Amino acid sequence: MARVFSGVQPTGNIHIGNYLGALRQFVELQNDNDCIYCVVDMHSITVPQNPKELRQHILDVAALYMAIGLDPEKAILFVQSDVPGHAELSWILTCSSYTGELSRMTQFKEKSRNNESAGMGLFSYPILMAADILLYDTEIVPVGNDQKQHIELCRDIAIRVNNRFENTFVVPEGKYMKSAARVMSLDDPTNKMSKSAENIHSRISLLDEPSKIKKSIMKATTDSEGTIRVDWDEKPGISNLITIYSAFSGIDIPDIEKKYEGCGYGDFKKDLVDVTVEALTPIQERYAEIRKSEELKTALKEGAEKANAIAVPILRRVKKKFGLGVKK
Ligand code: TYM
């Protein structure tokens, strides 16, 4: 049994990139591990949020966690701001981090675009993420490929502190899917699929209706060659669609290529619509039930209590190492 931790931001609807790259792993891991999954609401306020909408989005993501198959009896599900230790540890780690390493984070560079008035929250976002992970003595962090740099930074900080104060932190490992660890945008397959992209047809959200899914897939960018095969350098659009097909259907990529030999992109895309709708419909049905149930809020409340019970002694150990406070 390994301790597993991961989180998702409650900003907009979760898309198939989040699901195929990260959340799928959460479900697989919950049976044989000690899993903690969080809705990281404090990360989401690194950019301005409408408070009413944020509240709803927190519950949306939590309901989706359960709709994809996470079971609060097997995994701890909770909301980050309900456990104060995240913010507290984040400050301690801030004091063991360097501005140089944070300014090298590609996500910060992309989001701030070298703008001097970029928020401090965006800058120190990876430190809060490191705190999330280290607060639970986490060993495994299932995430998409885009988080690799943040995981490396978390490891660097943990090792740095351990070099100063022995055995303060467990040094975690990232865990990435072999296929679909980075699902690309449907309209521009050179960029990752993202919740914040302006074009809604660049992504498929887990709660999209079949007509929207159809429109987004049929419009997806491909190439003029017309053969259905994976070639990320020359044909990133169709490679991305084949990868999504494979992830949802469980059919290996070479078998998909064989199946569609001689077929056009139109036929393949129509089948991909069916495969996607078939995979998402049961999730959407469960979501609708869970989202309006009282069970959801009870699970989050109990989840926060369980998470806090794990976090408190670990935070006490860390504070003692740093010489903070007088309480034992
Ligand atoms: P977030 O909310 O942006 O994304 C949630 C998860 O989805 C993965 N992901 C993708 N995977 C494949 N293809 C894509 N196009 C794609 N887009 C997103 C992300 O890698 C992530 O695993 N910083 C994190 C949230 C976080 C966290 C943590 C994660 C905060 N604290 C501690 C792990 C541990 C994030 O922005 O996730």
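Student: Which residues does Gln 147 touch, leaving out those up to four places away in sequence?

Tutor: Gln 147 touches Gln 107 and Met 129. Keep in mind that this is a predicted model.

Student: Where does Gln 147 lie?

Tutor: In the loop between β4 and α8.

Student: Is Gln 147 buried or exposed?

Tutor: Buried. Its relative accessibility is 12%, and buried means under 20%.

Student: On to α8. How does the span of helix α8 agree with its 17 residues?

Tutor: Helix α8 covers residues 148-164. At 1.5 Å a residue, it should span 24 Å. Its end C-alpha atoms are 25 Å apart, which agrees.

Student: Which residues of α8 are buried?

Tutor: His 150, Ile 151, Leu 153, Cys 154, Ile 157, Ala 158, Val 161 and Asn 162.

Student: Why do residues three or four places apart in an α-helix point the same way?

Tutor: An α-helix has 3.6 residues a turn, so such residues point the same way.

Student: What does Ser 96 touch, again not counting residues up to four places away?

Tutor: Ser 96 touches Glu 101, Ile 157, Arg 160, Val 161 and Phe 322. Ile 157 and Val 161 are among the buried residues of α8.

Student: And where is Ser 96?

Tutor: In the loop between α4 (85-94) and α5 (99-103). Ser 96 is buried, with a relative accessible area of 11%.

Student: New topic: rings. How many aromatic pairs does the structure hold?

Tutor: Eleven. One of them joins Phe 5 and Tyr 136, and that pair is stacked. The ring centres are 5.4 Å apart, with 10 degrees between the planes.

Student: Which parts of the chain does that pair link?

Tutor: Distant ones. Phe 5 is in strand β1 (residues 3-8). Tyr 136 is in the loop between α7 (120-134) and β4 (140-142). The two residues are 131 residues apart.

Student: Are Phe 5 and Tyr 136 buried or exposed?

Tutor: Phe 5 counts as buried, at 2% relative accessibility. Tyr 136 is buried too, with a relative accessible area of 0%.

Student: Why is the pair of Tyr 260 and Phe 268 called edge-to-face?

Tutor: Their planes are at 85 degrees, so the pair is edge-to-face. The ring centres lie 5.1 Å apart. Tyr 260 and Phe 268 are both buried.

Student: Which residues form an aromatic cluster with Phe 5?

Tutor: Phe 78 and Tyr 136.

Student: What sits over the ring of Tyr 125?

Tutor: The charged end of Lys 111, 6.0 Å from the ring centre. Lys 148 lies over the face of Tyr 176, at 4.9 Å from the ring centre.

Student: Zoom out. How many helices and strands are there?

Tutor: The protein has 13 helices and five strands.

Student: How does the radius of gyration compare with that of a compact globule?

Tutor: It agrees. With 328 residues, a compact globule would be near 20 Å, and the protein has 21 Å. The C-alpha atoms fill a box of roughly 70 × 45 × 40 Å along the principal axes.

Student: What share of the residues counts as buried?

Tutor: 51% of the 328 residues.

Student: And what about the accessible surface?

Tutor: It comes to about 16,100 Å², and 50% of that belongs to carbon and sulfur atoms.

Key
Residues are numbered from 1 along each chain as its sequence is written. This is a predicted model: local features need pLDDT of at least 70, side-chain atom pairs count only at pLDDT 80 or more; totals for chains, interfaces and linings use all residues. Side-chain values use heavy atoms; hydrogens and water are left out. Rings of Phe, Tyr and Trp (its six-membered ring) pair if their centres lie within 6.5 Å; planes under 30 degrees apart count as stacked, over 60 as edge-to-face and the rest as tilted. Helices (H or I, at least four residues) and strands (E, at least two) are DSSP runs, numbered from the N terminus. Buried means under 20% relative accessible area, exposed over 50%, partly exposed in between (1.4 Å probe, protein chains only). A charge sits over a ring if NZ of Lys or CZ of Arg is within 6 Å of the ring centre and within 35 degrees of the ring normal. The radius of gyration is taken over C-alpha atoms; the globule rule is 2.2 Å times the number of residues to the power 0.38. Accessible areas come from the Shrake-Rupley method with a 1.4 Å probe; for residues, only the protein chains shown count as cover. The expected span of a helix is 1.5 Å times one less than its number of residues. Contact means heavy atoms within 4.5 Å.
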